[in-house]
Amino acid sequence: MKNKILVLGAGLVSRPGIHYLLNKKYLNVTVADIDLEKAKSLLVGYDHAHAIKLDITDTPSVRAAISNNDIIVSLLPWEFHPSIAKLCISESRHLVTASYVSDEMRALDKEAKQKNILLLNEMGVDPGFDHMTAMDVIDRVKNEGGKVTGFYSFCGGLPAPENNDNPLGYKFSWSPKGALLSAVNSARYKENGEVIKIDGAELMSNTRIEEINGMGDFEVYPNRDSLPYMNTYGLKDASTIMRGTLRYKGWSDTYRAIQNIGLTDGTRNSELKNNSYREMMAQLSGTKSDSELKKSVADKIGVEVASPVINQFEWLGLFSNNKVSNKDNHLDVLVDLMERKMSYAENEKDMIILQHTFHVESADGTPEKIVSTLIDYGIPFGDSSMARTVSLPLAVSVGLIADNKIKCRGVQIPIIKEIYKPVLNELETLGIKMTEKFYPV
């Protein structure tokens, strides 16, 4: 048994997973963070746990921490993972992350296998739970002699309907900057045999409306490159494959306006720190007339002054005389403002929606549609749904590795039954489960 676990990062999504591991009394858990008090706050009431202060840029200290443990869990930003993985290989330690596999990480596969090390990535909700629940259905269809001819997968973290109470229809349960930047990734998918490519700048002009079972209509925009998943999921017979991100209706108009006025620009601008939000918006819209500011902004983004977008900008405080935060670029100014105005109160609930739609041809040639849906809510005054659905799949896999129930090695994602089946079984006991409906076509 490998019972010494090191968790790197004590951020927004870490608590449920850490507590899951701490409740396995045979595991010795250490939480490391640059903010020692934040790490300690997650361990109150658990005498068998430890917190350490760790600067991830201090390589000798990180190496020492890794070498003192058996399984390393990283909840740090994705860009740190290749360097952490190299240290894990060097020290013969397993690593689990919730991040996408980068090319640099993928290149470590051979070396990890030679050292008998598992580098398990994409163990969050999206990516992670989405892979596992998709493969569970795809493998079942194939085992019954059928084939999947079309696949859609849509996921989103949103305010629960009763807490969707601001004009933008969104709140942040994870990094606001990450959420904003994810909406400018270029995308590619295949629909009815046609490959469709969308540039990042045009992403929000290529949304669609999709119905979620029991929840009504939502906007969807394509999520990165869906085409590699034809091989990843073994969908050689599929003429359609698309992964997308869910938002409440109207978000694409809001984001396009934010983009078009220049608020997603991360270029350094030292003059920003001396400006009010109103002065910043005047510069971005190119007006010197204070009384015409809203009209100037509306003209710049191509909407009417009375439009919802201008009301949203006003609600955010972008037309106020308050000084901007101590940031040196427009993107960070916006992120700081949104973080203050669009975060969850302790008594509010977020919501994760994941819906897969499978177009299937059964063994006898009969067409069928399977719709598999997760709707998961956060707990008021407790853990958010985002935190639960990101960190619990990861923590469950760590427990299985510690118990020697996951034996594969190298760079892996959870698309093989050895990983996804026991993880999904355990998540079901924690209340995280898809509901399936079958429709004749």
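Guide: The crossing of α1 and α15 is right-handed. Keep in mind that this is a predicted model.

Visitor: Are α1 and α15 roughly parallel or roughly antiparallel to each other?

Guide: Helix α1 covers residues 15-22, and helix α15 covers residues 385-402. They pack at an angle of about 30°, with axes 7 Å apart. Angles under 35 degrees count as roughly parallel. Therefore α1 and α15 are roughly parallel.

Visitor: Which strands stand at the edges of the open sheet?

Guide: The open sheet has 7 strands, with parallel pairing. Their order is β3-β2-β1-β4-β5-β6-β15. An edge strand has a single partner, so one side is left without a neighbour in the sheet. The edge strands are β3 (49-53) and β15 (410-412).

Visitor: Which residue in β2 stands opposite Ile-5?

Guide: Strand β1 spans residues 4-8, and strand β2 spans residues 28-33. The two pair in the parallel sense over 5 bridges. Opposite Ile-5 stands Val-29.

Visitor: What angle does the direction of α15 make with that of β5?

Guide: Helix α15 packs on the sheet. There α15 touches β1, β4 (71-74), β5 (94-97) and β6 (118-120). With the direction of β5, that of α15 makes about 165°.

Methods:
Residues numbered from 1 in each chain as written. Predicted model: local features only at pLDDT ≥ 70, side-chain atom pairs only at ≥ 80, totals over all residues. Heavy atoms only, no water. Axes fitted to C-alpha atoms, helices over the stretch in contact; angles between N-to-C directions. Helix = DSSP H or I, 4+ residues; strand = E, 2+ residues; numbered from the N terminus. Parallel < 35°, antiparallel > 145°, perpendicular 65-115°, else oblique. Left-handed = near helix turned anticlockwise from the far one by under 90°. Pairing = 2+ DSSP bridges. Contact = heavy atoms within 4.5 Å.
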